[in-house]
Amino acid sequence: MVPSGWSLVAGLNADGNYEPAAQEIERSSRLDSLTKEQRQLGIAAYRNSADALAATDPARASARLLQAGKWLAADDNDDAALSTLQKSAALDPNNAAAQKTYAEFKTNLADTYHKEASAAFRQQHLDRAIALWEKALTIDPNHKFAQANLNQARELKAKLEKLK
């Protein structure tokens, strides 16, 4: 259920009027204290508004995507947050907040996958460990531990398969 103050935003989104929806959110809300449902409306409005603004106002589009990426991260939608933050940083290289947020999120997400992979490896779940280290390296190809650990897991898996 969308709170009543957000019915205008929901209606604007439904009609494809994303820029007015984004402006209404900015006018009437504290962006850091939204409910999940409000964030979902905001994400739709901000991402679509940013797509429309990208060619004519990349700085504003970057700012909208930065906020949408933060909301996606708050909702644990890591893959969407990563791609949205990456697009925000690419649209405006002078947006220091976008650059910093993207770099930190990317590093933290790769580290999270590395830690999950290490735990899976210790529990001898090699396929899961391998998949998680591959994911960490997709996000950060220069991750300081993931490549070595991935190689070790692949070698161990190959040795175990030979023993069967």
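Is D76 buried or exposed? D76 counts as exposed, because its relative accessibility is 63%, above the 50% cut-off for that class. Keep in mind as you look around that this is a predicted model.

## Two loop residues with positive phi

D76 has a further feature to look at: its phi is positive, at about 60°, although the residue is not a glycine. You will find D76 in the loop between α4 (58–74) and α5 (78–91).

Q124 is the next stop. Its phi is near 65°, again a positive value in a residue other than glycine. Q124 belongs to the loop between α6 (96–122) and α7 (126–139). With a relative accessibility of 67%, Q124 counts as exposed.

## Aromatic pairs

Now to the rings. A pair of aromatic rings is described by the distance of the centres and the angle of the planes. The count for this model comes to 2 aromatic pairs. One of them is formed by F121 and W133: the ring centres are 5.8 Å apart and the planes stand at 55°, so the pair is tilted. An angle over 60 degrees would be needed for edge-to-face.

F121 lies in helix α6 and W133 in helix α7, so this pair ties together parts that are 12 residues apart in sequence. W133 is buried, because its relative accessible area is 2%, under the 20% limit.

## A charge over a ring

Finally, have a look at R64 and Y46. The charged end of R64 sits over the ring of Y46, at 5.4 Å from the ring centre.

Methods
Residues numbered from 1 in each chain as written. Predicted model: local features only at pLDDT ≥ 70, side-chain atom pairs only at ≥ 80, totals over all residues. Heavy atoms only, no water. Helix = DSSP H or I, 4+ residues; strand = E, 2+ residues; numbered from the N terminus. Buried < 20%, exposed > 50% of the residue type's maximum accessible area, 1.4 Å probe, protein only. Phe/Tyr/Trp six-rings, centres within 6.5 Å; stacked < 30°, edge-to-face > 60°. Lys NZ or Arg CZ within 6 Å of the ring centre and 35° of its normal.
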